[in-house]
Amino acid sequence: MTPRRTRTTAVLIAAATVLAALAGCGIDAKKHRATEALGTHGVKAVKPKPVAQGLPGMPPVLDPKDIYAADRPDKLSPVVKDFPSRIYVPNTESDTVSVIDPRTYKVIETINVGRQPQHVVPSWDMKTLWVNNDKGNTLTPIDPKTGRVGKTVDVHDPYNLYFTPDGKYSIVMASLDRELVFRDAHTMKPFKTVPVSCYGVNHADFSADGRYFIVSCEFSGELLKVDTAKMKVVRQERLPFKGAMPQDVKISPDGKTFYIADMVANGMWVLDGKKFTTPKLLPTGKGAHGLYVSRDSREMYISNRGEGTISVFDFAKNKLTKKWTLPDGGSPDMGGVSSDGKILWLSGRYDSEVYAIDTRTGKQIARIPVGDGPHGLAVYPQPGRYSLGHTGIFR
């Protein structure tokens, strides 16, 4: 017998042996296919669910359970780690920006800007601070590393400013123009103007995947849901409260809930952003205005401008747990949390001052005189990888 014929015979014998064994065990082809569908422990295999993809070009979220995971105490990006720590305060009635040294609690510089500056906004790449001169129809750039003021850029009605999570576009909240204006994030050259039917677009925040954002309309008491990539309003609803005036918007650490402060309803609306159903109102205090998440993502500070208090909301407990009162009253408005998370900085809108509040005790540390009408102050630098705008929404 030749070697080739010997190998063929051996293979046929082996195959016959296997078939006989299978037959002896009572395993047929149908049952064998069913067995293949089981895992190694006899459990039916389950196809993994597709993971929701974020907006193309957006840096992936570090922790799906906490979108603020990059904002931990003093976790500064290499881009900003050498920037001097400062508090930038836009004074709407003085047309200036007061610069405070947080170590001394003193104003160290006053910068002249355009008419009615509303907010100081960190750029997406965190290299520039943009002063929104609403009535002046300009943006004033400040280099946070050197403190130098750059050449102003013509932008109409820049009440507030945001950035798409992919870093491509800025979004001008043109409140009086009733527009959302998408511009190049660096040059501010117009790209697309989106007219809106509500009045007073002013604040916003993005979904965890960056694919949509929620906008508050102050003067008509409405909310918008905007598709980021399509640059299109996809949903709109009126808040169920007569005279509602929604303000700041912030998303929960788990990315499931949006909170919208309302200075007339005296609380914050709790909204399911995905479903965009009618939100529920959680009373916090008179003139609820600004919303700021703690560095450990456990709490959120709500400034109640009409009564001089700050409410503290616990995300895990889903309820208000504390309320701090400013001594001698005040009008706490917009601001941010210090890099180490120990101090909450807020402007005193109607009192020409800024408050520094201890986040552990709620006690006022300092009360600093500034220009008239201080509004959207920026604490800078702050932890995070990139900025989504306003006074500092970092991811």
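Among contacts in the chain between residues at least 6 apart in sequence, 46% join residues at least 24 apart. Keep in mind as you look around that this is a predicted model. The chain has 395 residues, and 53% of them count as buried. Its secondary structure comes to two helices and 28 strands, so expect to read a lot about strands, since helices and strands here are DSSP runs numbered from the N terminus.

## Strands that pair up

Strand 10 (residues 179–184) and strand 11 (residues 190–195) run antiparallel, joined by five bridges.

In soluble globular proteins, nonpolar side chains tend to be buried together. Here, the largest nonpolar core has 35 residues, and the ones that touch the most other members are L180, V201 and F213. Two or more residues come from each of strand 8 (160–163), strand 9 (169–174), strand 10, strand 12 (201–206), strand 13 (212–217) and strand 14 (222–227). Which strand gives the most to this core? That's strand 9, with five residues.

Setting aside its neighbours within four places in sequence, L180 is in contact with I171, V172, M173, K192, T193, V194, V196, V201, F213 and V226. Apart from this core lies another one, of 25 residues, including I67, Y212, M268 and I302.

## Empty spaces

Rolling a probe the size of a water molecule over the atoms shows where empty space is left. The structure holds two cavities of 30 Å³ or more.

| Space | Volume | Lining by class |
|---|---|---|
| Largest cavity | about 200 Å³ | seven nonpolar, seven polar, three charged residues |
| Second largest cavity | about 60 Å³ | eight nonpolar, two polar, two charged residues |
| Second largest pocket | about 220 Å³ | five nonpolar, five polar, six charged residues |

What lines the largest cavity? There are 17 lining residues, and the closest to its centre are K250, V293, R295, Q382 and G392. Strand 20 (288–293) and strand 24 (332–337) each supply at least two residues of that lining.

The second largest cavity is lined by M58, V61, I67, P165, F206, S207, A208, G210, R385, Y386, L388 and R395. You've met one of these names already: I67 is also among the residues of the 25-residue core.

As for the second largest pocket, 16 residues line it, and Q118, D134, Y159, E218 and F219 are the closest to its centre.

## Two residues worth a visit

S175 is found in the loop between strand 9 and strand 10. Is S175 buried or exposed, and why? It counts as buried, because its relative accessibility is 6%, and the cut-off for buried is under 20%. Leaving out its neighbours within four places in sequence, S175 is in contact with D157, Y159, G200, V201 and F219. Two of those names, Y159 and F219, also turned up among the residues closest to the centre of the second largest pocket, while V201 came up in the largest nonpolar core.

The other one is G384, in the segment after strand 28 (378–380). G384 is buried too, because its relative accessible area is 3%. How far apart are G384 and A69 in sequence and in space? They are 315 residues apart in sequence and 8.4 Å apart in space, C-alpha to C-alpha. Once neighbours within four places in sequence are left aside, the contacts of G384 are A70, D71, K75, S77, M126, F394 and R395. Of these, R395 is also part of the lining of the second largest cavity.

Conventions. Residues numbered from 1 in each chain as written. Predicted model: local features only at pLDDT ≥ 70, side-chain atom pairs only at ≥ 80, totals over all residues. Heavy atoms only, no water. 1 Å grid on protein atoms, 1.4 Å probe; cavity = no way out; pocket = protein on both sides within 12 Å on 5 of 7 lines; lining within 4 Å. Points joined across faces, edges and corners; volume = space filled by probe spheres on them. Helix = DSSP H or I, 4+ residues; strand = E, 2+ residues; numbered from the N terminus. Nonpolar A, V, L, I, M, F, W, Y, C, P; charged D, E, K, R; others polar. Pairing = 2+ DSSP bridges. Core = buried A, V, L, I, M, F, W, Y, C linked by side-chain atoms within 4.5 Å. Buried < 20%, exposed > 50% of the residue type's maximum accessible area, 1.4 Å probe, protein only. Contact = heavy atoms within 4.5 Å.
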